[in-house]
Amino acid sequence: MASADLSRRVSSTEDKNSHFSEIIELNVGGQVYVTRHATLISVPDSVLWNMFSQQKPKELPRDSKGRYFIDRDGFLFRYILDYLRDLNLVLPDYFPETCRLQREAEYFQLHQLSKCLTMKMSKGSSVSADICQSDSDEGALLGAVRESAASQRKSGYITIGYRGTYTIGRDIQTDAKFRRVARITVCGKTSLAKEVFGDTLNDSRDPDRPPERYTSRYYLKFNFLEQAFDKLSEAGFHMVACSSTGTCAYVSNDPTEDKIWASYTEYVFSRGDVSGRG
């Protein structure tokens, strides 16, 4: 009887190590997804099909919470997952990431999806928005397109802001300890923000905003103001205004301790002839 119980336990352990559960948790580039096992293996010979049908669970990398980890673009993966559910491509209007999504489709070996995206790019009205090439000859073409686009840059405003903290010592002559920047926000027209900051722009809080609409929900993936200034300058923007406020965030009863101040600062940049705008 005891040997039979032991045999069942061993069989159960082997089953857990060699079979996936019906519901799968994924960590894709820091974004968490929950889906069915059947969805992930819906396209034979794809990367996900190989991972979740040809390998064992213990052979796949996991994060600290036990979720299967895939080191790819976490925000674009939702469109990959949508496609796998019914093998149909549905994208929002004014979708600006077609080129990058096509690269993801190539990586996951979803050939039909890749073909659909390639056709979609070929039908686009703007060659500069959808060019996705990597060979040296094609890179030269991309450079020529960018130069042409530079001469047709749209005018407009971009505002960047940040909240920071600093301390001022008891001696007014002492240098202020400045500055800790938690996050740099970006406000303005979607198309301008993405043109200037590219892959360094985090649009996860407002991912489907059309290019001609405005947003105040973007922020940068870095926290160096000078880096943001450099990108704006390279794109032809120049600063036209700035504003800052400061409040005392912490005062200790101990007179020997420094005061901690909190500040919020905004910088307004413009490009082109915007004087006639109301």
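## Terms and basis of the model

A residue is called buried when its relative accessible area is under 20%, exposed when it is over 50%, and partly exposed in between, with a 1.4 Å probe and protein chains only. Helices (H or I, at least four residues) and strands (E, at least two) are DSSP runs, numbered from the N terminus.

The model is a predicted one, in which local features need pLDDT of at least 70 and side-chain atom pairs count only at pLDDT 80 or more, while totals for chains, interfaces and linings use all residues. Residues are numbered from 1 along each chain as its sequence is written, and side-chain values use heavy atoms, with hydrogens and water left out.

## The chain as a whole

The secondary structure of the protein chain consists of 10 helices and nine strands. Of the 278 residues in the chain, 34% are buried. The chain exposes about 17,100 Å², and carbon and sulfur atoms supply 49% of that area (Shrake-Rupley method, 1.4 Å probe).

Contact here means heavy atoms within 4.5 Å. Among the contacts in the protein chain with a separation of 6 or more, 62% are between residues 24 or more positions apart.

Helix 4 spans residues 77–86, and its buried residues are Phe77, Tyr79, Ile80, Leu81, Tyr83 and Leu84.

Although Leu87 is not a glycine, its phi is positive, at about 55°. With a relative accessible area of 45%, Leu87 is partly exposed.

## The nonpolar cores

A nonpolar core is a set of buried Ala, Val, Leu, Ile, Met, Phe, Trp, Tyr and Cys residues joined through side-chain atoms within 4.5 Å. The largest such core has 29 residues, of which Leu26, Leu48, Phe52 and Phe77 touch the most other members. Two or more residues each come from strand 1, helix 3, strand 3 (68–70), helix 4, helix 5 and helix 6. Helix 4 gives the most to this core, with six residues. Apart from this core lies another, of 21 residues, including Ile160, Ile184, Ala193 and Tyr218.

Leu26 also shows which parts of the chain meet in this region. Leaving aside residues up to four places away in sequence, Leu26 touches Gln31, Val32, Tyr33, Thr35, Leu40, Phe52, Arg67, Tyr68, Ile70 and Phe77.

## Loops around the helices

Ser46 is in the loop between helix 2 and helix 3, and it counts as buried because its relative accessibility is 1%. Not counting residues up to four places away in sequence, Ser46 touches Phe108, Gln109 and Leu110. Gln109 itself is in the loop between helix 5 and helix 6. Gln109 is not a glycine, yet has a positive phi of about 55°; its relative accessible area of 35% makes Gln109 partly exposed.

Asp73 is in the loop between strand 3 and helix 4 and is buried, with a relative accessible area of 19%. Beyond residues up to four places away in sequence, Asp73 touches Val28, Arg100 and Glu104. Asp73 and Gly30 are 43 residues apart in sequence, and their C-alpha atoms are 8.6 Å apart in space.

## Helix 9

Helix 9 (residues 190–197) is largely enclosed by the rest of the structure, because six of its eight residues are buried. These buried residues are Thr190, Leu192, Ala193, Lys194, Val196 and Phe197. Just after helix 9, Gly198 takes a positive phi of about 55°.

## An enclosed cavity

On a 1 Å grid over the protein atoms alone, a cavity is a set of points where a 1.4 Å probe fits but cannot get out, and lining residues have an atom within 4 Å of a point. Grid points are joined across faces, edges and corners, and a volume is the space filled by probe spheres set on the points. By this rule there is one cavity of 30 Å³ or more.

The largest cavity has a volume of about 40 Å³. Its lining consists of Tyr79, Asp82, Tyr83, Asn88, Leu89, Val90 and Leu91. By class, the lining has five nonpolar residues, one polar and one charged. In this classification Ala, Val, Leu, Ile, Met, Phe, Trp, Tyr, Cys and Pro count as nonpolar, Asp, Glu, Lys and Arg as charged, and the others, Gly among them, as polar.

Terms used:
1 Å grid on protein atoms, 1.4 Å probe; cavity = no way out; pocket = protein on both sides within 12 Å on 5 of 7 lines; lining within 4 Å.
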